[in-house]
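Open the model in your viewer and keep the selection tool ready. We will go from stop to stop, and at each one you select something and look.

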Amino acid sequence: MKRNVLLNLCLILLAVNVFADGVTQDVDKVFNLEFPAAPRTGNMPGVRDFLYMTDSCSYMVRMTPMTKQDAIKDSASLSAFYGGTVKGIIRASSGTLLGSKPVDIQGIQGFELDYVQGGRGHLVAVTSRILLTQGHLIVYTFTAPFEHASAMQHLKKHFFESFSLDKEQLDHINATDTTTAKVQTATPIFDSVTAQTPKPKMELVNPSTLHFIISFAICILVLAGILYLIVRLKKRAATKK
């Protein structure tokens, strides 16, 4: 027990020293994030990757251009998009989802997920935030050993809270005030998905059920008529004898 307390204390002190001289990374005049030191950058066409690793944790950022922006029309389709992105991340990482929730990122609707990777004895705790804004999908992630994740919460918090959109980007979002960007709850009045959904027809009985009832009734009447005729014929035959 004492050993774990001492280890967590050392991690906290290390974290304070690590972020004492942090580096703010500007990403294509879209957003800024603070890393403990200068991160490594990726070279994939159209994709911006940044990674900084320490002995105990790692900081990752990826910005990808969106090609199908018209698919996001309102808060409902945005939530569906985030849900699909979460499933894709979990599938690609072979991770186990612990939880996910919508988050407010500078007044814009984003999403956060927590999951674990690895096997027994080598679990890694991962937290990612997803933000779709101005034609870009931004995912920034903090990872740490599962057994030390609670001691590194302040590191993760500092990293996530250092995120800030470029002023021009934020001003443009505030000016356009689109439903895909602003944090809001879908309502029957303003949500285009609800507005386009046809009103259900109120039917007391399903047509197929009604047809079945009518056919069944006719069969019963026919059988009753046949039985009546059989009984009458038998009575006549008995009377003649």
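**Stop 1: the seven-stranded sheet**

Select the open sheet with the strand order S3-S4-S5-S9-S8-S7-S6; its pairing is antiparallel. The edges are strand S3 (40-41) and strand S6 (96-105), and each has a single partner strand, so one side of each is left without a neighbour in the sheet. Strands of a sheet pair through backbone hydrogen bonds, either parallel or antiparallel. Two strands count as paired if DSSP finds at least two bridges between them. Strands (E, at least two residues) and helices (H or I, at least four) are DSSP runs, numbered from the N terminus.

A word on the source: this is a predicted model, where local features need pLDDT of at least 70, side-chain atom pairs count only at pLDDT 80 or more, and totals for chains, interfaces and linings use all residues. Residues are numbered from 1 along each chain as its sequence is written, and side-chain values use heavy atoms, with hydrogens and water left out.

Now zoom in on strand S4 (residues 48-53) and strand S5 (residues 58-65). They run antiparallel and are joined by six bridges.

**Stop 2**

Select helix H2 (residues 75-93). H2 lies across S6, strand S7 (108-117), strand S8 (124-133) and strand S9 (136-145). Its direction is at about 20° to S7. Next select helix H3 (residues 153-161). H3 lies across S5, S7, S8 and S9, and runs at about 165° to S9. These angles run from 0 to 180 degrees between N-to-C directions, and the axes are lines fitted to C-alpha atoms, for helices over the stretch in contact. Contact means heavy atoms within 4.5 Å.

**Stop 2: the three-stranded sheet**

Select S1, S2 and S10. They form an open sheet in the order S1-S2-S10, with antiparallel pairing. S1 and strand S10 (164-165) are the edge strands, and each pairs on one side only.

Look at S1 and S2 together. Five bridges pair them in the antiparallel sense. Gln 25 has Leu 33 in S2 as its bridge partner. S1 and S2 form a hairpin with three residues between them. In the turn, select Asp 28, which has a positive phi of about 50°. Then move to S2 and S10, which pair in the antiparallel sense over two bridges. Phe 31 stands opposite Leu 165 in S10.

**Stop 3: the salt bridges**

How many salt bridges does the rule give? The count comes to three. The rule asks for a side-chain nitrogen of Lys or Arg within 4 Å of a carboxyl oxygen of Asp or Glu.

Asp 28 lies in the loop between strand S1 (23-27) and strand S2 (31-35) and Arg 48 lies in strand S4, so the pair ties together parts 20 residues apart in sequence. Asp 28 is partly exposed at 42% relative accessibility. Arg 48 is also partly exposed, at 26%. Buried means under 20% relative accessible area, exposed over 50%, and partly exposed in between (1.4 Å probe, protein chains only).

Select Asp 49 and Arg 62. This salt bridge is 2.7 Å, N to O. Asp 49 is in strand S4 and Arg 62 in strand S5, so the pair ties together parts that are 13 residues apart in sequence. Is Asp 49 buried or exposed? At 13% relative accessibility, Asp 49 counts as buried. Arg 62, at 37%, counts as partly exposed.

Select Arg 129 and Glu 112. Their side chains meet in a salt bridge (2.6 Å, N to O). Arg 129 is in strand S8 and Glu 112 in strand S7, 17 residues apart. Glu 112 counts as buried, at 9% relative accessibility.

**Stop 4**

Select helix H6 (residues 207-240) and find Ile 226 in it. Ile 226 counts as partly exposed at 42% relative accessibility.

**Last stop: the whole chain**

Zoom out. The chain has six helices and ten strands. Buried residues make up 34% of its 241 residues.
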